[in-house]
Amino acid sequence: MARLRLATAWLGGCSGCHMSFLDMDEFLIDLAGTVDVVFSPFVDVKEYPEGVDVALVEGAVCNEDHLRLLPLLRARTRTVVSFGDCAVTGNVTALRNPFGGAESILDQVYLGSGGRVPCEPGIVPALLDKVVPVHAVIPVELYLPGCPPSAPRIRAVLEALIEGRTPRLEGEDIRFG
Ligand code: SF4
């Protein structure tokens, strides 16, 4: 069987979904037997590669770098998975939406209290005025909810994809809380 080319991307999220991925513990060793991680915060690859089978996308879309990455990721990936509640709905990352656009948020968080934005302009990617879920920018094939999705739930989805099945979450994998 051909090895699955797996990518994971980290957009506007707390990295908790990636931590949950690592919580798959010894299953990661099994995974290493069938999967090549070709792009991820876990590996030192700068450019999103061609020919990716599955991409787990953590986090909501909240800055200009995310808008640049997602079309490339979409064009080079067969199955895009919206990975975790921030990717699926905006969740925690979108809590800033009711407080105004990017300028207003920076003003309220940093400037209004007499402070300054803690970096030079142009170094940190510009914030978007509104945080949106991944499917608002590119089509996705699958949603993997949870904040974060549990390790068994991530495993169930990956096992199905590796075996060429459409993932179907049921039983404990759709219990929340
Ligand atoms: Fe963090 Fe939860 Fe968002 Fe995942 S879904 S990035 S754990 S806040």
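Let me start at the end of the chain, where the side chains of Glu 170 and Arg 168 meet in a salt bridge, with 3.7 Å from N to O; by salt bridge I mean a side-chain nitrogen of Lys or Arg within 4 Å of a carboxyl oxygen of Asp or Glu. Arg 168 is exposed, at a relative accessible area of 66%, where exposed stands for over 50%, buried for under 20%, and partly exposed for what lies in between (1.4 Å probe, protein chains only).

A word on the source: this is a predicted model, in which local features need pLDDT of at least 70 and side-chain atom pairs count only at pLDDT 80 or more, while totals for chains, interfaces and linings use all residues. Residues are numbered from 1 along each chain as its sequence is written, and side-chain values use heavy atoms, with hydrogens and water left out.

The structure holds 9 salt bridges. In one of them, Asp 36 and Arg 3 meet at 2.9 Å, N to O, and this pair links distant parts of the chain, since Asp 36 sits in strand E2 (residues 35-39) and Arg 3 in the segment before strand E1 (4-10), 33 residues apart. Strands here are DSSP runs of at least two residues and helices (H or I) runs of at least four, numbered from the N terminus. Asp 36 is partly exposed at 31% relative accessibility, and Arg 3 is partly exposed at 36%.

Turning to the ligand, the residues around it include Cys 14, Cys 17, Cys 86 and Cys 147, near meaning a heavy atom within 4 Å. Helix H1 (16-22) and helix H4 (85-89) each supply at least two residues of that shell.
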